[in-house]
Amino acid sequence: YGLRYVAAYDEKRPGVAIPGEGYLGMPQPAACNWYHGGFFDLQINGRSIGTTPVHSVTGRSSGERGIADFVFDTPMAIVRVRFVALAGQDALYCQALLEPKGEVKSVRVILRCYPSAFVSNAGRHVMTPTRDLTQGEKTELDLAQEWWLLYYDRIYDAGYVSPTHTGVGPCAALWPGNQASKVGFTVGGYGIDTVMDLKPQLCDFRFVFLDYKGTKNEAAQADLRGRATGLLQQLATFSFADPSVAGFPLQQKQEEIRQMLAAMPDEQEAAANYQRWGAELAEQLRLIQTSAAGAIMAEANAAKTIQQWERSLPELQLRALLKDI
């Protein structure tokens with residue numbers, strides 16, 4: 001899976017981002033399915049978080065998981081949208097985590113996809129656990145029974161070739177039904193927007209996204225029906241924690257740096273940098289590990305600090321090596 005942030009910035013309007021079609025896109029594995037130009041829009045009290053400039057976009061790996069974070073410091077709340085992929089699996093796990101700054105009256109997520117191809121001469125369908133809706137139909141889901149959606153095109157099945165387009169296959173979304181109060185959509189003839197009104201008293205919202213690129217409609221339907229319950233159970237207890245940040249061995253790293261710099265008394269700038277980063281990380285890790293207020297921003301800043309720490313280390317090691325020659 002590939003993810004990206006895209007927005008316009010105007011120097012005459014500081015503190016404002018202009019997201020255009022969207023701001024969180026998924027260009028891989030298929031640009032059309034979960035839309036590369038913006039497939040995930042989180043709105044708090046009627047305002048999209050995408051209108052606030054992103055605080056940080058970071059991607060990193062830890063063990064057998066890859067993590068992508070998009071953090072926004074909005075007037076309504078600090079928000080972290082985290083995506084996690086596990087090695088050898090085709091599901092993309094997503095968490096929208098909020099730290100409210102005031103009263104959160106409403107939370108809405110809008111998901112956008114163009115199933116299988118950017119075409120208008122299509123046969124769009126959306127399948128739920130209980131029914132199959134065809135192009136032009138409008139519905140509101142029964143959330144007790146309908147908590148996953150498969151978006152597909154009857155004409156542009158995977159591998160179907162027209163003079164201008166080739167079908168890539170369906171895409172799907174899954175979420176805990178009890179985190180939403182209302183979910184609805186119209187099966188559009190081009191794009192499909194799914195509107196989810198989430199329960200504002202919650203601050204942890206979870207989703208699973210699937211892109212069935214290269215998979216025929218019938219096979220994707222059978223696959224999702226067979227594993228949806230297991231995915232939902234996994235999502236309920238899924239750990240979105242990032243051990244590469246929360247478990248950063250600061251004392252061990254500081255001791256390694258101390259020993260290296262002890263033999264390099266002239267490296268005053270490097271010593272000052274690592275002293276400052278160490279102090280920053282000590283406070284940031286304290287907030288993360290205690291889950292105190294400010295933990296989202298502390299983790300985002302800690303990820304940046306660790307990145308600076310690790311990027312500066314090879315050059316320092318090289319200078320230490322050259323000094324001994």
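The model is predicted.

**Helix packing.** Helix α4 spans residues 268-290 and helix α5 spans residues 295-324. Their axes lie 9 Å apart, at an angle of about 150°. Angles over 145 degrees count as roughly antiparallel. The two helices are therefore roughly antiparallel to each other. The crossing of α4 past α5 is left-handed. The residues of this contact split by class as follows.

| Class of residue in the α4 with α5 contact | Number of residues |
|---|---|
| Nonpolar | 13 residues |
| Polar | six residues |

**Surface patch.** Leu318, Leu321, Leu322 and Ile325 make up a nonpolar patch on the surface. Together they have about 450 Å² of accessible area. One of them, Leu322, lies in helix α5.

**Salt bridges.** The whole structure holds 19 salt bridges. One of them joins the side chains of Asp90 and Arg227, at 2.7 Å from N to O. Asp90 sits in the loop between β9 (77-86) and β10 (91-100), and Arg227 in helix α1 (residues 217-237), so the pair ties together parts 137 residues apart in sequence.

**Backbone features.** The peptide bond from Gln28 to Pro29 is cis. Its omega is near 10°. Pro29 belongs to the loop between β4 (24-28) and β5 (40-44). Asn45 is not a glycine, yet has a positive phi of about 50°. Asn45 is placed in the loop between β5 and β6 (47-48).

Notes
Residues are numbered from 1 along each chain as its sequence is written. This is a predicted model: local features need pLDDT of at least 70, side-chain atom pairs count only at pLDDT 80 or more; totals for chains, interfaces and linings use all residues. Side-chain values use heavy atoms; hydrogens and water are left out. Axes are lines fitted to C-alpha atoms, for helices over the stretch in contact, and angles run from 0 to 180 degrees between N-to-C directions. Helices (H or I, at least four residues) and strands (E, at least two) are DSSP runs, numbered from the N terminus. Angles under 35 degrees count as roughly parallel, over 145 as roughly antiparallel, 65 to 115 as roughly perpendicular and the rest as oblique. A crossing is left-handed if the near helix is turned anticlockwise from the far one by less than a right angle, and right-handed if clockwise. Ala, Val, Leu, Ile, Met, Phe, Trp, Tyr, Cys and Pro count as nonpolar, Asp, Glu, Lys and Arg as charged, and the others, Gly among them, as polar. Patches are made of residues with over 30% relative accessible area and no salt bridge: like charges are joined within 9 Å, nonpolar side chains (Val, Leu, Ile, Met, Phe, Trp, Tyr) within 5 Å. Accessible areas come from the Shrake-Rupley method with a 1.4 Å probe; for residues, only the protein chains shown count as cover. A salt bridge is a side-chain nitrogen of Lys or Arg within 4 Å of a carboxyl oxygen of Asp or Glu.
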